[in-house]
Amino acid sequence: GVPDDEDNDDDNDGVPDDEDTDDDNDGVPDDEDNDDDNDGVPDNEEGDDDFDDDGTPDNLDSDDDNDGVSDAEDDDDDNDGIPDDEDNDDDNDGVPDDEDNDDDNDEDEDDGEGENEGDSA
């Protein structure tokens with residue numbers, strides 16, 4: 001396939017990306033859709049960051065970490081071999097999530113993100 005940053009119709013719906021108002025083709029315009037890419041992760045949790053640096057913001061990317069597994073089915077978001085529900089160091093920085101003020105290492109403190117502070121098993 002063509003990488004999204006080179007493709008002018010990422011979702012192959014026949015509507016160029018710069019004119020597309022429904023990126024996940026679910027019938028709900030993106031400005032009213034709480035999950036623009038329909039990956040099961042609300043946009044307010046994904047933000048406009050681009051975790052995998054593929055040119056597609058996470059809130060529009062159905063595979064935020066570019067590991068070939070859609071976010072809706074991915075149970076190891078940081079690709080460290082430890083399933084998310086057993087992983088107590090989400091950003092792999094050596095600091096357990098319950099002691100880490102930024103457990104996803106995105107430079108935004110967890111208190112302001114609406115994420116769980118310390119997802120430990």
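**Second largest pocket**

I began with the second largest pocket, which holds about 290 Å³ of space. This is a predicted model, so I kept that in mind for everything below. I looked up the lining next and found 15 residues around the second largest pocket. Asp4, Asp10, Asp11, Thr56 and Leu60 are the ones nearest its centre. A reminder to myself on method: a probe the size of a water molecule, rolled over the atoms, shows where empty space is left.

**Asp53**

I then turned to Asp53, which sits in the segment after α1. Is Asp53 buried or exposed? I found a relative accessible area of 68% for Asp53, and exposed means over 50%, so Asp53 counts as exposed. I also checked the distance from Asp53 to Asp5. The two residues are 48 apart along the chain, and their C-alpha atoms are separated by 9.8 Å.

**Asp102**

My next stop was Asp102, also in the segment after α1, a helix that covers residues 43–46. Here the relative accessible area is 12%, and the cut-off for buried is under 20%, so Asp102 is buried. Which residues does Asp102 touch, once its neighbours within four places in sequence are left aside? I wrote down Asp91, Glu107, Asp108 and Asp110.

**The protein as a whole**

How many helices and strands does the protein have? I counted one helix and zero strands. The C-alpha trace spans about 45 × 30 × 20 Å along its principal axes.

I looked up burial for the whole chain too: of the 121 residues, 30% are buried. The protein exposes about 7600 Å², and carbon and sulfur atoms supply 38% of that area.

**Confidence**

The mean pLDDT of the protein is 79, and 90% of the residues reach 70 or more. Where does pLDDT stay under 50? That happens over residues 114–121. I noted that the model still has 22 contacts beyond four places in sequence for this stretch.

Notes
Residues are numbered from 1 along each chain as its sequence is written. This is a predicted model: local features need pLDDT of at least 70, side-chain atom pairs count only at pLDDT 80 or more; totals for chains, interfaces and linings use all residues. Side-chain values use heavy atoms; hydrogens and water are left out. Helices (H or I, at least four residues) and strands (E, at least two) are DSSP runs, numbered from the N terminus. Buried means under 20% relative accessible area, exposed over 50%, partly exposed in between (1.4 Å probe, protein chains only). Accessible areas come from the Shrake-Rupley method with a 1.4 Å probe; for residues, only the protein chains shown count as cover. pLDDT is the predictor's confidence in each residue, from 0 to 100. Contact means heavy atoms within 4.5 Å. On a 1 Å grid over the protein atoms alone, a cavity is a set of points where a 1.4 Å probe fits but cannot get out, and a pocket is an open set with protein on both sides within 12 Å along at least five of seven lines; lining residues have an atom within 4 Å of a point. Grid points are joined across faces, edges and corners, and a volume is the space filled by probe spheres set on the points.
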